[in-house]
Amino acid sequence: MGHVGPMLVVAEELLRRGWRVRFLTGRRYRAQVEAAGAEYAQLPADADTLDEVGTGERNRGRATINLGVEEAFVRPAYAAADAVLRLLEEEPAEVVLHDMTFLGVQALFARPADDRPLTVMCGIGPAGFSSRDCPPYGLGIIPSSNRAWGRMRDAVLNRTAKLVLAPAHKALDRFLESVGAPTLDGSFFMDVLARSDLLAQFTVPEFEYPRSDAPDALRFYGPMAGPARRPGPPPEWWPRLQEGTPLVHVTQGTVANTDFSEVIEPTLAALADERVQVVVSAGGAALDDLPPLPSNAFAASYLDYEALLPRTSVFVTNGGYGGLHHAMRYGVPIVIAGDSEDKVETSARVEWSGVGANLRTGRPTPDQVGSAVRRLLDDPSFARRSAALGASISTARGARGLVDDVEAAVSARWR
């Protein structure tokens, strides 16, 4: 849902302006797509696999990239490419918007630019374009504050990454060859995303590494926030939350929520005897699966963030991109504990931007969590920095700005 949700916000804006929208995604999202008013197109089973990534034993370290790229990006791309081409053969489209993990769109780049739809890459996670100003994507290393030294270090890292990640690059090249698209030709695997006509990053510049050599087509639109939804009734314990007592919210999101010993359990243990109140979101999982709650903790399967985050003093998370932006929207400082999938990169951006503390592990100890929470409660600079990014988010162009630019690009094609 972290991928489908932002794309649905864009779809709703297109629909509001009179566009016809076909939405290609997994079968479990059909109801959401149709509720938004878009036409649902079902991914073939071989491409409908992203929800399974990260639900079992998750790869970490080098395997996170080599095996993770093939599992999440490349294997589904063959069937996804067939689905995209079939839809366009049935009925041509003027624009194809794709999330950054959807490599099936690469089949379109076998054609000349004037013989294919306008393509828009939607950055639902940290940008991974290679740059002389940044270390390579996937290592969780932040840019150096010393530009000259950083460029020397990153030049070595960028060369080394291509060797270390050779299996991922070879797997992607095999797919690109199979659909007739240009191969990587020595470039970094994430640079394949820069082929789209518009690179729409769903964050603000303050939460992304500056690149003096960024692609010309890169634009920042902020997180995709849809119209306010009517919240469900608050949990029965909601009136018992105390004004004036710091509130710590902890969640493992909606994907990595099968083993609560990773982040939620050490957070509960760390804060059980602290003068704080802890609110747990199980991300849709059963509350019976949670560890025992101490007397200062409350839990719900889902929570209304528009009600919760204005009252939250610290957000403890494993690093989902959408959740981080929700927290920053309300100026909440972040304790982040993520080392799998793209979370090493979201964690690094939390550290680099100054909005929180990066624990540099996906399994923190209670001491690590407790120390980080106390640090953020005692040092207001983190909350100030989060609020500054929240102010930038509040003025971002969002889905309206993105569709403005899409419509301008389509119009330019007709001139």
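Visitor: Where is Glu-345 placed, and why is Glu-345 called buried?

Guide: This is a predicted model. Glu-345 belongs to helix H9. Its relative accessible area is 2%, and buried means under 20%, so the label applies to Glu-345.

Visitor: What makes the approach of the Glu-345 side chain to Gly-138 a polar contact?

Guide: A polar atom of the Glu-345 side chain lies 2.6 Å from the backbone nitrogen of Gly-138. The limit for such a pair of N or O atoms is within 3.5 Å, and 2.6 Å meets that distance criterion.

Visitor: Which residues does Glu-345 contact, leaving aside neighbours within four places in sequence?

Guide: They are Pro-126, Pro-136, Tyr-137, Gly-138, Leu-139, Gly-140 and Tyr-209. Contact here requires heavy atoms within 4.5 Å.

Visitor: Why is the pair Glu-34 and Arg-30 called a salt bridge?

Guide: The closest N and O atoms of Glu-34 and Arg-30 are 2.9 Å apart. The rule asks for a side-chain nitrogen of Lys or Arg within 4 Å of a carboxyl oxygen of Asp or Glu, so this pair qualifies. By this rule the count comes to 22 salt bridges.

Visitor: How are Glu-34 and Arg-30 placed relative to each other in helix H2?

Guide: They are 4 residues apart in helix H2 (residues 30-36), and therefore separated by about one helical turn.

Visitor: What makes Glu-34 and Arg-30 partly exposed?

Guide: Glu-34 has a relative accessibility of 41%, and the relative accessible area of Arg-30 is 41%.

Visitor: Are Asp-197 and Arg-116 buried or partly exposed?

Guide: Asp-197 has 29% relative accessibility and counts as partly exposed. Arg-116 has 9% and counts as buried, since buried means under 20%.

Visitor: What makes Arg-349 and Glu-208 a salt bridge, and are these residues buried or exposed?

Guide: Their closest N and O atoms are 2.9 Å apart, where within 4 Å is required. This pair also links distant parts of the chain, with Arg-349 in helix H9 (residues 343-353) and Glu-208 in the loop between S5 and strand S6 (218-220), 141 residues apart. Arg-349 is buried at 1% relative accessibility, and Glu-208 is buried at 2%.

Visitor: Which residues do salt bridges with shared partners join into one network?

Guide: The network consists of Glu-13, Arg-16, Arg-17, Asp-404 and Glu-407.

Visitor: How many residues are in the largest nonpolar core?

Guide: It has 59 residues, and Val-120, Leu-172, Phe-189, Phe-202 and Leu-402 have the most contacts inside it. At least two residues each come from helix H1 (4-16), H2, helix H3 (62-90), S4, H5, S5 and helix H12 (398-414). H1 gives the largest share, 7 residues.

Visitor: What does Phe-202 touch, not counting residues up to four places away in sequence?

Guide: Its contacts include Pro-6, Met-7, Val-10, Cys-122, Ile-124, Met-224, Tyr-321, His-325 and Leu-402.

Visitor: Which residues lie nearest the centre of the largest cavity?

Guide: They are Phe-129, Pro-135, Pro-136, Tyr-137 and Arg-211, among 16 lining residues. The volume of this cavity is about 80 Å³.

Visitor: Why are Asp-185 and Arg-360 called exposed?

Guide: The cut-off is over 50%. Asp-185 has a relative accessible area of 71%, so Asp-185 is exposed. Arg-360 has 57%, so Arg-360 is exposed. Asp-185 is in the loop between H5 and S5, with phi near 55°, a positive value in a residue other than glycine. Arg-360 is in the loop between strand S12 (356-358) and helix H10 (366-378), and its phi is positive at about 60° although Arg-360 is not a glycine.

Note on methods:
Residues numbered from 1 in each chain as written. Predicted model: local features only at pLDDT ≥ 70, side-chain atom pairs only at ≥ 80, totals over all residues. Heavy atoms only, no water. Buried < 20%, exposed > 50% of the residue type's maximum accessible area, 1.4 Å probe, protein only. Polar contact = N/O pair within 3.5 Å; in protein donor to acceptor, adjacent residues only side chain to side chain. Core = buried A, V, L, I, M, F, W, Y, C linked by side-chain atoms within 4.5 Å. 1 Å grid on protein atoms, 1.4 Å probe; cavity = no way out; pocket = protein on both sides within 12 Å on 5 of 7 lines; lining within 4 Å. Points joined across faces, edges and corners; volume = space filled by probe spheres on them.
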